[in-house]
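Work through the exercises below with the structure in view. Each task is followed by a solution in steps.

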Amino acid sequence: MSELTNRAIKKCIESKVVQTHRVLPSDLNHHQTLFGGNLMSWIDNTASISAARHSRGITVTASIDSLDFLHPLPSNHSVCIESYVSGVGKSSMEVFCKIMGEDLMTGERYLAATSFSTFVSMKSEAVPSVIVPLVEPSTKEEKLVCSGYEKRHEKRLLNREFNEQFANVISYSTTWEV
């Protein structure tokens with residue numbers, strides 16, 4: 001039996017991470033809401049822990065595939081990022097992040113954003129890839145999220161092909177040195 005057909009299976013919950021932050025004045029943009037770059041950093045950090053938990057190896061961010069901002073996060077609200085592995089390739093893992101906001105004065109909660117990222121598992125610099133376990137959803141939400149993995153994966157492959165061709169024609173010389 002090959003390594004691919006004899007793969008371990010892990011449940012989504014085994015890679016689940018929950019990280020909560022308070023939106024402080026130093027986190028705000030000029031609209032007085034959370035600066036998107038700060039949220040992206042928090043998402044990448046949370047998702048990277050999910051990927052490492054799933055693979056139990058060294059992981060690197062391959063791409064932030066989507067980040068959809070749905071509701072602004074004002075000052076003094078909390079941001080709860082929940083992540084888990086939602087699909088796997090051979091050595092790659094898709095991580096889903098659900099970003100929820102909470103008005104700490106009223107207790108009102110809302111979906112602020114969703115995100116999908118891709119991570120690659122590595123053994124070391126010398127051994128660039130590791131076969132990761134398969135993933136098995138349990139809850140209704142996990143089943144819904146995981147069911148779209150194949151379609152998102154195909155889209156990522158098309159985007160990667162385009163980006164590689166695009167990068168071959170983009171100049172990296174500085175325009176001010178011309």
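**Exercise 1.** Locate isoleucine 170 and decide whether this residue is buried, partly exposed or exposed.

Solution. The model is a predicted one.
- Step 1: Isoleucine 170 sits in the segment that follows helix 3 (149-169).
- Step 2: The relative accessibility of isoleucine 170 is 40%. Buried would require under 20% and exposed over 50%.
- Step 3: Isoleucine 170 is therefore partly exposed, because its value is 40%.

**Exercise 2.** Describe the largest pocket by its volume, its lining and the elements that supply the lining.

Solution. 
- Step 1: The largest pocket holds about 370 Å³ of space.
- Step 2: Its lining consists of 14 residues, and those nearest the centre are Ser63, Asp65, Thr118, Arg156 and Arg160.
- Step 3: Two or more lining residues come from each of strand 3 (58-69), strand 6 (109-122) and helix 3.
- Step 4: Helix 3 provides the largest share, seven residues.
- Step 5: Sorted by class, the lining has six polar, five nonpolar and three charged residues.

**Exercise 3.** How many residues does helix 3 give to the lining of the second largest pocket, and how does that lining divide by class?

Solution. 
- Step 1: The second largest pocket has about 190 Å³ of space.
- Step 2: Among its lining residues are Asp65, Asp68, Arg152, Lys155 and Arg156.
- Step 3: Helix 3 contributes the most to this lining, four residues.
- Step 4: The lining divides into five charged, three polar and one nonpolar.

Methods: Residues numbered from 1 in each chain as written. Predicted model: local features only at pLDDT ≥ 70, side-chain atom pairs only at ≥ 80, totals over all residues. Heavy atoms only, no water. Buried < 20%, exposed > 50% of the residue type's maximum accessible area, 1.4 Å probe, protein only. 1 Å grid on protein atoms, 1.4 Å probe; cavity = no way out; pocket = protein on both sides within 12 Å on 5 of 7 lines; lining within 4 Å. Points joined across faces, edges and corners; volume = space filled by probe spheres on them. Nonpolar A, V, L, I, M, F, W, Y, C, P; charged D, E, K, R; others polar.
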